[in-house]
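Look at the model shown here and keep its sequence at hand. The paragraphs that follow go through it one part at a time.

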Amino acid sequence: MDKLQQELAYFISFCIEQYKVAKELSGEEVVKIFNQYKVMEYLSDCYEVLHTQGHRWLVAEIDDFISKRKEEER
């Protein structure tokens with residue numbers, strides 16, 4: 001695993017943990033939600049910008065992203 005892949009893995013796991021705590025969900029529930037709405041792909045694609053933000057901002061950003069994905073499904 002190269003350095004960027006390692007950083008991405010750490011960042012995504014950090015986001016899962018922060019979202020889990022903020023929403024009072026299990027890790028399994030968060031992974032299911034993230035997979036359903038392709039949040040991990042978003043976090044990976046936008047890593048350069050997102051990883052510089054604080055955990056509260058990241059949780060809010062993930063919520064916004066999920067809300068937009070839900071609207072697209074309608």
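Tyr42 is buried, and Phe65 is buried as well; buried means under 20% relative accessible area, exposed means over 50%, and partly exposed lies in between, with a 1.4 Å probe and protein chains only. The model is predicted, so local features need pLDDT of at least 70 and side-chain atom pairs count only at pLDDT 80 or more, while totals for chains, interfaces and linings use all residues. Residues are numbered from 1 along each chain as its sequence is written, and side-chain values use heavy atoms, with hydrogens and water left out.

How are the rings of Tyr42 and Phe65 placed? A pair of aromatic rings is described by the distance of the centres and the angle of the planes. The centres of the Tyr42 and Phe65 rings are 4.2 Å apart and the planes meet at 10 degrees, so this pair is stacked. Rings of Phe, Tyr and Trp (its six-membered ring) pair if their centres lie within 6.5 Å; planes under 30 degrees apart count as stacked, over 60 as edge-to-face and the rest as tilted. Tyr42 sits in helix α3 and Phe65 in helix α5, 23 residues apart, and the pair links distant parts of the chain. The structure holds 3 aromatic pairs. Helices (H or I, at least four residues) and strands (E, at least two) are DSSP runs, numbered from the N terminus.

Next comes the packing of two helices. Two packed helices are described by the angle between their axes and the distance between the axes. Helix α1 (residues 3–23) packs on helix α5 (residues 55–73) at an angle of about 85 degrees, and the axes are 10 Å apart. Axes are lines fitted to C-alpha atoms, for helices over the stretch in contact, and angles run from 0 to 180 degrees between N-to-C directions. The helices α1 and α5 are therefore roughly perpendicular to each other; angles under 35 degrees count as roughly parallel, over 145 as roughly antiparallel, 65 to 115 as roughly perpendicular and the rest as oblique. Among the residues making the contact are Phe11, Phe14 and Tyr19 of α1 and Leu58, Val59 and Ile62 of α5. Contact means heavy atoms within 4.5 Å.

In soluble globular proteins, nonpolar side chains tend to be buried together. Here the largest nonpolar core has 19 residues, and those with the most contacts inside it are Phe11, Tyr19, Phe34, Val39, Leu43 and Ile62. A nonpolar core is a set of buried Ala, Val, Leu, Ile, Met, Phe, Trp, Tyr and Cys residues joined through side-chain atoms within 4.5 Å. Two or more residues of this core come from each of α1, α2 (27–36), α3 (39–45), α4 (47–50) and α5. The largest share, 6 residues, is given by α1. Leaving aside its neighbours within four places in sequence, Phe34 touches residues including Cys15, Tyr19, Leu43 and Ile62.

The loops remain. Glu24 is found in the loop between α1 and α2. Glu24 counts as exposed at 72% relative accessibility, and its phi is positive, about 55 degrees, although Glu24 is not a glycine. Lys38, in the loop between α2 and α3, also has a positive phi, near 60 degrees, and counts as partly exposed at 42%. His51 lies in the loop between α4 and α5 and is partly exposed at 34% relative accessibility.
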